[in-house]
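Student: Could you take me closely through the aromatic ring pairs of this model, and through the part of the protein in which they sit?

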Amino acid sequence: MEAHYPFTLPPLPYGYDALLPEIEERTLHFHHDKHFATYIDNLNKLLEQHPSCQDWSLEQLVQECSRLPEDIRQGVRNNAGGVYNHDLYFKTLAPGPVTSPEGPLEDAIAREFGDLESLKTVMKNAALGQFGSGWAWLVSDREGRLSVVKTPNQDTPLPLTPLLLCDVWEHAYYLDYQNRRGDYFEGWWRKVNWPEISKAYDALLENHIRRAEG
Ligand code: MN3
């Protein structure tokens, strides 16, 4: 993803059939090529008229949208959030066999939740408990403490660091699962890219240690 405007659609990091049978090809085509692309187009259109905001990073657009010109504030909140969330959503899934957390992340999950199955239960409750469209998240604070949160619409949990996110907008699952959000969650969970998420958590801890030493 570009550092700032103009943003372009990153390719899907795997084939459109890579998440079968949990997530079907047509869902990925709609979700990535249409929905994700639309958030990017809309965000670029909003920023087009405002050169002063064109060097803002995506994280800045999401977190500091109250400082934006009023006429684009809500639009940027929705669409920059949509870009941020979908970029991460597709990157945190992977083809292949079921994986599990590794190293410090495995330890942190044991500490905060007991075990991976308990984390799954907490996250599934968040996914099912999000009324209407939104997201369920596994996040970390700057010190590496994990928690599960949910957000409505395209809101993000920033400044907490997102590690994993489940899209519970109907467009993420309706073609495959219709109204069965819980079945979608179970399928989605089997495709989580734990090795990559474990690496992201390692990097977060390293940053924390560096800050503490610096
Ligand atoms: Mn979506």
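Tutor: A residue is called buried here when its relative accessible area is under 20%, and in this predicted model both Phe 36 and Phe 90 are buried. A search of the whole structure finds 10 aromatic pairs, and one of them joins these two residues: the rings of Phe 36 and Phe 90 are stacked, at 6.0 Å centre to centre and with 25 degrees between the planes. The pair links distant parts of the chain, since Phe 36 belongs to helix H1 (residues 25-48) and Phe 90 to helix H3 (residues 70-91), 54 residues apart.

Another pair is formed by Tyr 89 and Trp 135, whose ring centres are 5.9 Å apart; their planes stand at 75 degrees, and because an angle over 60 degrees counts as edge-to-face, this pair is placed in that class. Tyr 89 lies in helix H3 whereas Trp 135 lies in strand S1 (residues 134-140), so this pair ties together parts that are 46 residues apart in sequence. Tyr 89 and Trp 135 are both buried. Taken as a group, Phe 36, Tyr 89, Phe 90, Trp 135 and Trp 137 are linked by ring pairs into a cluster.

Tyr 89 also has a place in the largest nonpolar core, which holds 60 residues, and there Tyr 89, Trp 188 and Trp 194 are the residues that touch the most other members. Helix H3 gives the most to this core, with seven residues, and the core draws at least three residues from each of domain 1 (25-91) and domain 2 (103-213). If residues up to four places away in sequence are left out, Trp 194 touches Thr 99, Ser 100, Pro 101, Leu 105, Ile 109, Leu 116, Leu 119, Leu 138, Leu 164 and Trp 189.

Technical notes
Residues are numbered from 1 along each chain as its sequence is written. This is a predicted model: local features need pLDDT of at least 70, side-chain atom pairs count only at pLDDT 80 or more; totals for chains, interfaces and linings use all residues. Side-chain values use heavy atoms; hydrogens and water are left out. Rings of Phe, Tyr and Trp (its six-membered ring) pair if their centres lie within 6.5 Å; planes under 30 degrees apart count as stacked, over 60 as edge-to-face and the rest as tilted. Helices (H or I, at least four residues) and strands (E, at least two) are DSSP runs, numbered from the N terminus. Buried means under 20% relative accessible area, exposed over 50%, partly exposed in between (1.4 Å probe, protein chains only). A nonpolar core is a set of buried Ala, Val, Leu, Ile, Met, Phe, Trp, Tyr and Cys residues joined through side-chain atoms within 4.5 Å. Domain bounds come from an automatic or database domain assignment. Contact means heavy atoms within 4.5 Å.
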